[in-house]
Amino acid sequence: MNYFPDEVLEHVFDFITSHKDRNSVSLVCKSWYKIERYSRQRVFIGNCYSISPERLIARFPGLKSLTLKGKPHFADFNLVPHDWGGFVYPWIEALAKSRIGLEELRLKRMVVSDESLELLSKSFVNFKSLVLVSCEGFTTDGLAAIAANCRFLRELDLQENEVDDHRGHWLSCFPESCTSLISLNFACLRGEVNLGALERLVSRSPNLKSLRLNRAVPLDTLQKLLMRAPQLVDLGIGSYVHDPFSEAYNKLKIAIQRCKSIRSLSGFLEVAPHCMSAIYPICGNLTFLNLSYAPGLHGNKLMKLIQHCRKLQRLWILDCIGDKGLGVVALTCKELQELRVFPSDPFEAGNAAVTEEGLVLVSAGCPKLNSLLYFCQQMTNAALITVAKNCPNFIRFRLCILDPIKPDPVTNQPLDEGFGAIVQSCKGLKRLSLSGLLTDQVFLYIGMYAEQLEMLSIAFAADSDKGMLYVLNGCKKLRKLEIRDCPFGDAALLEDVGKYETMRSLWMSSCEVTLGGCKSVAEKMPSLNVEIIDESEQMEFNLDDKQKVDKMYLYRTLVGHRKDAPEYVWIL
Amino acid sequence: MVFEKDLNLDATELRLGLPASSKESLRISNKRALPDMNDDSGVAAAKKCDQETAPPTKAQVVGWPPIRSYRKNSLQTKKTEAETSGMYVKVSMDGAPYLRKIDLKVYKGYPELFKALEDMFKFKVGKYSEREGYNGSEFVPTYEDKDGDWMLAGDVPWEMFINACKRLRIVRGSEARGLGCVV
């Protein structure tokens with residue numbers, strides 16, 4: 001094995017960048033493990049409670065980039081209480097005390113306090129990149145600390161975070177000497193920003209490639225920014241409301257035309273739909289278009305815009321595009337790989353404007369389609385079977401029918417056959433979300449055919465434990481399973497507890513599992529944390545094992561019970 | 001959220017599917033019932049809770065549809081803003097002792113707006129033509145746009161107008177000639 005000196009092996013390992021591959025490399029032998037761990041710079045931790053910061057630091061002293069995920073996925077939908085956990089502070093604190101030269105931190109669904117941002121900004125001289133996705137707990141004061149102290153900051157990317165906006169001066173906190181910005185995304189901030197400071201910042205950032213603005217940035221500022229940064233590749237427009245006959249609009253048209261490198265466009269958080277023609281000149285080069293926050297854009301204006309986007313690979317849109325609009329997408333966007341259609345009116349289930357027809361059109365027109373998120377009014381088996389035939393390359397297939405137990409409206413049947421066709425045809429399917437009326441049968445299909453499936457989301461489905469068993473037995477590569485409102489009980493949960501050690505996590509809420517069943521899992525598998533989340537305080541008064549558990553979240557871990565769980569979380 | 005578990009009540013049989021179909025009421029004894037999601041699909045949940053308090057349609061299930069809170073809040077904000085915030089602009093009329101304020105959002109188009117102005121200031125707007133502006137009236141409605149220019153009201157589509165209009169001024173016909181050109 002060791003015919004080569006360590007330096008050579010290390011050089012070879014430099015070419016191995018995927019986390020999976022590097023993990024595999026480290027398992028070959030002790031010598032490879034040692035070389036790999038000293039040369040590893042990027043680490044991904046999918047569940048922050050599966051390992052401790054101390055062990056991370058001990059194993060990877062050369063760590064430069066850390067990705068951490070905190071809360072379970074269903075936390076996105078308000079199913080997990082806010083203070084459940086996922087605090088980043090202990091990680092930053094431990095890293096700060098160590099000699100790790102952290103340069104990049106990427107967090108998803110974590111609680112990030114201003115204190116942690118401040119500590120982060122002061123502890124790592126070469127810190128370059130902060131990416132926060134779906135996080136909470138911080139204010140613009142924390143951002144001010146990052147701006148002020150991270151002298152070589154290249155990337156500040158805030159995606160869909162709930163930020164307490166103190167309408168402060170955080171943008172002004174970037175010192176004059178900061179000229180290294182490559183990416184700045186503050187679209188999710190709701191407050192005012194200092195427009196002058198923003199203009200000056202952009203002016204002195206010659207490497208700026210990605211800029212996503214929030215609603216508070218008006219059109220005339222946008223025009224000035226574009227004049228100063230024609231090299232932009234990714235643009236997020238904040239406010240786009242103006243009079244098409246105005247001077248400001250003419251100036252904007254000129255500014256946009258100079259931006260020949262823009263490949264990605266998003267935002268339009270406020271939009272006047274009759275002014276989209278200024279955008280047409282750059283549409284032909286776009287590979288990513290995100291209009292999912294622009295409900296003002298629909299009908300003919302939207303379709304006309306899409307018709308200019310022939311090179312689109314990823315499209316995020318609202319369902320007000322309608323089936324007809326999806327037909328336009330199918331005719332125009334032949335390179336399309338990813339489509340996401342979000343509901344524009346989530347609580348008015350009767351008004352969703354897309355049905356199975358739109359999806360079928362896109363599947364027929366866009367053969368490269370491999371990733372789908374589709375919120376719709378209804379779906380039929382026939383449509384799903386057609387889609388499966390047209391697009392056998394799906395990696396991600398997430399369907400959400402707004403009425404979650406709606407059957408096929410034509411045949412009145414469950415959607416088992418339709419989803420069955422999807423899993424059978426799409427041999428590379430890694431992620432699947434189901435909805436509509438579904439029996440145990442669909443899970444039989446999933447267990448049989450979905451060999452590459454890594455993540456499965458189930459809601460309001462199945463008839464019995466058999467459904468869950470089919471999945472656990474059949475899907476060998478399953479990593480994340482999340483279930484809500486299904487009739488799965490202890491029999492399914494306890495059938496093969498060893499399986500859970502091969503997975504990252506299992507979430508079950510509003511199912512039939514009991515306290516006794518959960519305790520049993522915890523007893524048999526000390527390498528799992530089995531958490532019961534119960535805010536109703538029922539658990540305190542009624543510790544009967546036959547009690548149904550409202551929310552259970554279990555995950556494998558190397559570091560035992562976490563110490564930061566709130567009162568209503570019981571770790572068995 | 002209380003989900004009704006026992007669904008085999010004779011009195012209120014839970015049926016899924018279109019009202020016309022009577023082939024099978026699908027056995028769902030293990031499934032938790034949903035609150036009434038959508039009238040059209042013919043789903044009627046057996047409810048123990050007060051009928052008066054529950055709205056007849058569109059009850060909401062926690063966490064459904066599965067969209068991120070951030071996105072949901074954004075859409076709610078947009079809807080609320082669209083529904084509740086007005087577009088108040090000042091209206092002045094030459095010779096009137098004080099100004100008024102009106103909410104442009106409450107009007108569906110120019111006719112309604114002008115009627116309201118006529119009532120408010122006791123004048124008549126006159127007949128509009130593209131070539132000549134307003135004829136047959138002493139007073140003409142004008143507005144200041146976002147660029148600070150004074151424009152004749154009525155040339156551009158309504159949506160465009162309410163987005164651009166910063167304030168309104170009803171000018172005497174003799175001063176109004178020459179308005180109507182942009183730039």
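A network of salt bridges links Asp76(A), Arg109(A), Glu160(A), Arg68(B) and Arg71(B) in this predicted model; a salt bridge is a side-chain nitrogen of Lys or Arg within 4 Å of a carboxyl oxygen of Asp or Glu. Residues are numbered from 1 along each chain as its sequence is written, chains are lettered from A and ligands numbered from 1 in the order in which they are written, and side-chain values use heavy atoms, with hydrogens and water left out. Because the model is predicted, local features need pLDDT of at least 70 and side-chain atom pairs count only at pLDDT 80 or more, whereas totals for chains, interfaces and linings use all residues.

Arg68(B) lies in the segment before α1 (69-84) of chain B and Glu160(A) in the loop between β6 and β7 (162-164) of chain A, so the pair joins two chains. Helices (H or I, at least four residues) and strands (E, at least two) are DSSP runs, numbered from the N terminus. Glu160(A) has a relative accessible area of 16% and is buried, where buried means under 20% relative accessible area, exposed over 50%, and partly exposed in between (1.4 Å probe, protein chains only). The backbone of Glu160(A) has phi near 50°, a positive value in a residue other than glycine. Arg109(A), another member of the network, likewise has a positive phi, near 50°, and is not glycine. Arg109(A) is placed in the loop between β3 (104-108) and α6 (114-123) of chain A, and counts as buried at 9% relative accessibility.

Over all chains, the structure holds 29 salt bridges. One of them is formed by the side chains of Lys71(A) and Glu136(A), at 2.5 Å from N to O. Lys71(A) lies in the loop between β2 and α5 (89-97) of chain A and Glu136(A) in strand β5 (residues 136-139) of chain A, so the pair ties together parts that are 65 residues apart in sequence. Both Lys71(A) and Glu136(A) are buried. A further salt bridge is found between Arg484(A) and Asp485(A), whose closest N and O atoms are 2.8 Å apart; both of these residues are buried as well. In general, side chains of opposite charge can pair when their charged atoms come close.

The strands of chain A were examined next. Strand β2 (residues 65-69) is largely enclosed by the rest of the structure, because five of its five residues are buried. Ser65(A), Thr67(A) and Lys69(A) point one way from β2(A), while Leu66(A) and Leu68(A) point the other way. In a regular strand the side chains alternate between the two faces of the sheet. Strand β1 (residues 42-45) of chain A runs parallel to β2(A) and is joined to that strand by four bridges; two strands pair if DSSP finds at least two bridges between them. Thr67(A) is the bridge partner of Phe44(A).

Strand β6 (residues 155-159) of chain A is also largely enclosed by the rest of the structure, since four of its five residues are buried. Five bridges connect β6(A) in parallel with strand β4 (residues 129-133) of chain A, and Leu132(A) has Leu158(A) as its bridge partner. β6(A) also pairs in the parallel sense with strand β8 (residues 183-185) of chain A, over three bridges, with Leu156(A) opposite Leu184(A).

Asp14(A), in helix α1 (residues 6-14) of chain A, is partly exposed with a relative accessible area of 46%. In the segment before that helix lies Tyr3(A), which counts as exposed at 75% relative accessibility.

Chain B has four helices and seven strands, arranged from the N terminus on as α-β-β-α-β-β-β-β-α-β-α. Of its 183 residues, 42% are buried. The peptide bond from Trp64(B) to Pro65(B) is cis, with omega near -5°, and Pro65(B) is placed in the segment before α1 of chain B. Trp150(B), in strand β6 (residues 150-152) of chain B, counts as partly exposed at 32% relative accessibility. The C-alpha atoms of Trp150(B) and Cys165(B) are separated by 9.6 Å, and the two residues are 15 residues apart along the chain.
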